[in-house]
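Please read them next to the sequence and the coordinates.

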Amino acid sequence: MDNTSLISSKSLQMIYKSNIFIILIILLSFYLHLTVLFQLADNSPYFFNIQRQTEQGHYINSAEGLLNGTWPQNTPFSLSPYYSYYLASTFLIHQDHFMPRLFQILLGILTVVFTYKIGCVVFGSSVGLGSALAIALYGPLIFYDLEYTVVAHMTVFIMGALYCTLAYRRNQHRRTVFAIGF
């Protein structure tokens, strides 16, 4: 066996191991999110019965008003309208408090993937795996992925924009600039 085939088989093994590890990290993140979701659902009296005078309650009121055709009632937006549109669209799919949180869990997992990709691009695959594991285990992010706030959305958008910026540095396609701006 010559040196080039030995090097290529070692690099293929490393890529294979990295893919297995990132899949395991993603599954761990999904498991932790669901565990916290069900723990909060069973133990928190306000998790599904959200008080209407909180930030989460205002987003729910705005989404329900949007679905009823009465929002924003000729007043300026008291909160960012994006999240109210998101809640309204998920309430159209299924009128419960589980579906928006399930979508936000998927956004949290996408944050783990972006963290992995950014770490790989900037530092290498071992740092990418370590940073993805750190984000997957980070308790406050898991908790806020399950709340009716813009944290889950903003985190994934920022990480996506950062990854697109790094990708643009390599390939310089115009559609990448559009993705960064979005």
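How many helices and how many strands are there in the protein chain?

1. The model is a predicted one. Its protein chain has eight helices and zero strands, and the pattern along the sequence reads α-α-α-α-α-α-α-α.

2. Taking the contacts in the protein chain with a separation of 6 or more, residues 24 or more positions apart account for 65% of them.

3. Aromatic pairs come next. A search of the whole structure gives six of them. One is formed by Phe-38 and Phe-98, whose ring centres are 6.2 Å apart; their planes stand at 20°, so the pair is stacked, the cut-off for stacking being under 30 degrees. Phe-38 belongs to helix H1 (residues 3–43), whereas Phe-98 is in the loop between helix H3 (81–93) and helix H4 (99–122), so this pair ties together parts that are 60 residues apart in sequence. Phe-38 is partly exposed at a relative accessible area of 44%, and Phe-98 is also partly exposed, with 28% relative accessibility.

4. Phe-143 and Tyr-144 have ring centres 5.2 Å apart and planes at 80°, so this pair is edge-to-face; that class needs planes over 60 degrees apart. Phe-143 is partly exposed at 31% relative accessibility, and Tyr-144 is partly exposed at 38%.

5. Two further features involve tyrosine rings. Tyr-59, Tyr-83 and Tyr-86 are linked by ring pairs into a cluster. Separately, Arg-101 places its charged end over the ring of Tyr-148, at 4.5 Å from the ring centre.

6. How do H3 and H4 pack, and which residues meet? The angle is about 115° and the axes are 9 Å apart. The crossing of H3 past H4 is right-handed. From H3, the residues that meet H4 are Tyr-83, Tyr-86, Leu-87, Thr-90, Phe-91 and Ile-93; from H4, they are Met-99, Pro-100, Phe-103 and Gln-104. By class, the residues of this contact divide into eight nonpolar, two polar and no charged.

How values were computed. Residues are numbered from 1 along each chain as its sequence is written. This is a predicted model: local features need pLDDT of at least 70, side-chain atom pairs count only at pLDDT 80 or more; totals for chains, interfaces and linings use all residues. Side-chain values use heavy atoms; hydrogens and water are left out. Rings of Phe, Tyr and Trp (its six-membered ring) pair if their centres lie within 6.5 Å; planes under 30 degrees apart count as stacked, over 60 as edge-to-face and the rest as tilted. Helices (H or I, at least four residues) and strands (E, at least two) are DSSP runs, numbered from the N terminus. Buried means under 20% relative accessible area, exposed over 50%, partly exposed in between (1.4 Å probe, protein chains only). A charge sits over a ring if NZ of Lys or CZ of Arg is within 6 Å of the ring centre and within 35 degrees of the ring normal. Axes are lines fitted to C-alpha atoms, for helices over the stretch in contact, and angles run from 0 to 180 degrees between N-to-C directions. A crossing is left-handed if the near helix is turned anticlockwise from the far one by less than a right angle, and right-handed if clockwise. Contact means heavy atoms within 4.5 Å. Ala, Val, Leu, Ile, Met, Phe, Trp, Tyr, Cys and Pro count as nonpolar, Asp, Glu, Lys and Arg as charged, and the others, Gly among them, as polar.
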